[in-house]
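Dear colleague,

Please find below the structure I wished to hand over to you. My findings follow directly after it.

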Amino acid sequence: MLSKNELRYTLALQRIPNLGDISTKKLLRKMGSAEAIFNEKKSNLAKIDGIGLLRLKEINLKQQLEEADAELEFIEKNNIEYSYFKDKTYPEKLKHCIDGPILFFHRGNIDLVGKKIISIVGTRKITSYGNAFCQNLIEELSPLNPVIVSGLAYGVDICAHKAAIENNLQNIACLAHGLNQMYPKDHKKYVAKIEENGGFITEFWSNDAFDRNNFLKRNRIIAGLSEATIVIESAEKGGSLVTADIANSYNREVFAVPGRATDSQSRGCNNLIKQQKAQLLTSAADIIYMLDWELKEAQKPKQTQLFVELDEEEKVVFRFLKEKEKELLDIIALECNIPAYKTASILMNMELKGVVRPLPGKLFQLV
């Protein structure tokens with residue numbers, strides 16, 4: 001945790017134009033503190049690899065400290081929390097991103113330590129297909145208690161946040177503006193529920209102008225916080241495709257939901273899959289398999305399967321898989337006469353009991 005004085009100088013650092021997070025981290029690692037940077041001669045700072053005088057010409061200590069003092073007052077008055085990139089509380093996965101913010105602000109009840117984290121993004125013009133897939137995916141994953149990260153926008157984002165709330169999952173909304181406002185205003189009604197189990201993250205100040213480019217900038221935080229980014233639906237161009245590219249640059253997994261070639265809101269996802277920039281996603285089993293979540297669950301001590309208690313519907317599925325060895329989720333649902341959405345939940349519970357394991361392509365088999 002930074003001292004008040006060091007926080008003040010770190011905020012001032014953020015106000016230097018043309019000095020991004022990568023360069024700022026270089027300066028901090030070399031000089032040791034934000035105050036030391038301001039106290040050093042520009043000519044000496046310019047000698048640091050990758051800096052140069054051009055990046056430093058906008059340093060104006062008096063002006064930048066005045067701006068920092070105003071924001072510090074807002075932080076203290078509103079009990080805003082922050083995370084500094086050298087702190088233990090800074091998210092581990094974001095720490096490994098070269099351009100992760102040196103400082104970001106947050107509020108709510110956020111706990112990312114040791115958690116499974118996925119980011120869900122997509123078009124604002126979500127279709128009924130995308131809406132149903134997103135809801136079902138989060139419901140299927142809920143027994144594994146993942147943290148859901150998104151951007152609170154219309155469409156896929158808010159669908160993911162609402163599904164996380166409905167399934168009692170921690171969810172994080174990454175904002176493209178300060179914590180003094182909420183965009184879109186229609187989504188203010190979800191603030192309390194999100195803060196109960198999760199919260200809001202932003203690198204933007206309370207007086208930052210509302211700018212379209214902010215949304216592209218915050219996408220790196222959405223991608224950087226998680227193990228994988230999932231694109232539910234996207235047109236041929238869109239911000240979610242930028243997030244997918246960023247996730248790939250961080251060497252994180254990217255998944256995309258396929259759609260019909262004629263559907264405009266599936267073209268972006270289809271292209272990601274076609275260009276091998278994303279794994280094809282058809283169910284929660286694909287995520288569990290690709291991220292090795294099933295392996296981690298399997299490593300936990302479990303009772304011998306002879307003594308596992310199954311409810312009546314689980315017994316029906318068990319008997320069916322005992323005959324078939326392995327089968328598609330949809331076929332299991334059809335043959336067992338259980339709705340597909342419910343079958344997915346049953347299989348997930350059986351997996352946690354150590355009875356079944358998921359295979360790629362929505363296949364399941366007995367352990």
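The model is a predicted one. Its protein chain contains 18 helices and 12 strands. The radius of gyration of the chain is 23 Å, close to the 21 Å that the globule rule gives for 367 residues, so the chain is as compact as a globular protein of that length. The C-alpha trace spans about 75 × 50 × 40 Å along its principal axes.

Of the 367 residues in the protein chain, 52% are buried. Among contacts with a separation of 6 or more, 71% are made by residues 24 or more positions apart. As for the surface, the accessible area of the chain is about 17800 Å², and carbon and sulfur atoms contribute 48% of it. The side chains include 50 positive and 48 negative ones, and the centres of these two sets are 5 Å apart.

I would draw your attention to strand β7, which covers residues 228-231. In a regular strand, side chains alternate between the two faces of the sheet. In β7 both faces are covered: A228 and I230 are buried on one side, and T229 and V231 are buried on the other.

Strand β7 also has two pairing partners to report. With strand β3 (residues 117-121), β7 pairs in the parallel sense over 4 bridges, and V121 stands opposite V231 of β7. Strand β8 (residues 253-256) likewise runs parallel to β7 and is joined to β7 by 4 bridges; here T229 stands opposite V254 of β8.

With kind regards

Key: Residues are numbered from 1 along each chain as its sequence is written. This is a predicted model: local features need pLDDT of at least 70, side-chain atom pairs count only at pLDDT 80 or more; totals for chains, interfaces and linings use all residues. Side-chain values use heavy atoms; hydrogens and water are left out. The radius of gyration is taken over C-alpha atoms; the globule rule is 2.2 Å times the number of residues to the power 0.38. Buried means under 20% relative accessible area, exposed over 50%, partly exposed in between (1.4 Å probe, protein chains only). Contact means heavy atoms within 4.5 Å. Accessible areas come from the Shrake-Rupley method with a 1.4 Å probe; for residues, only the protein chains shown count as cover. Lys and Arg count as positive and Asp and Glu as negative; His and the chain ends are not counted. The place of a charge is taken as NZ of Lys, CZ of Arg, CG of Asp or CD of Glu. Two strands pair if DSSP finds at least two bridges between them.
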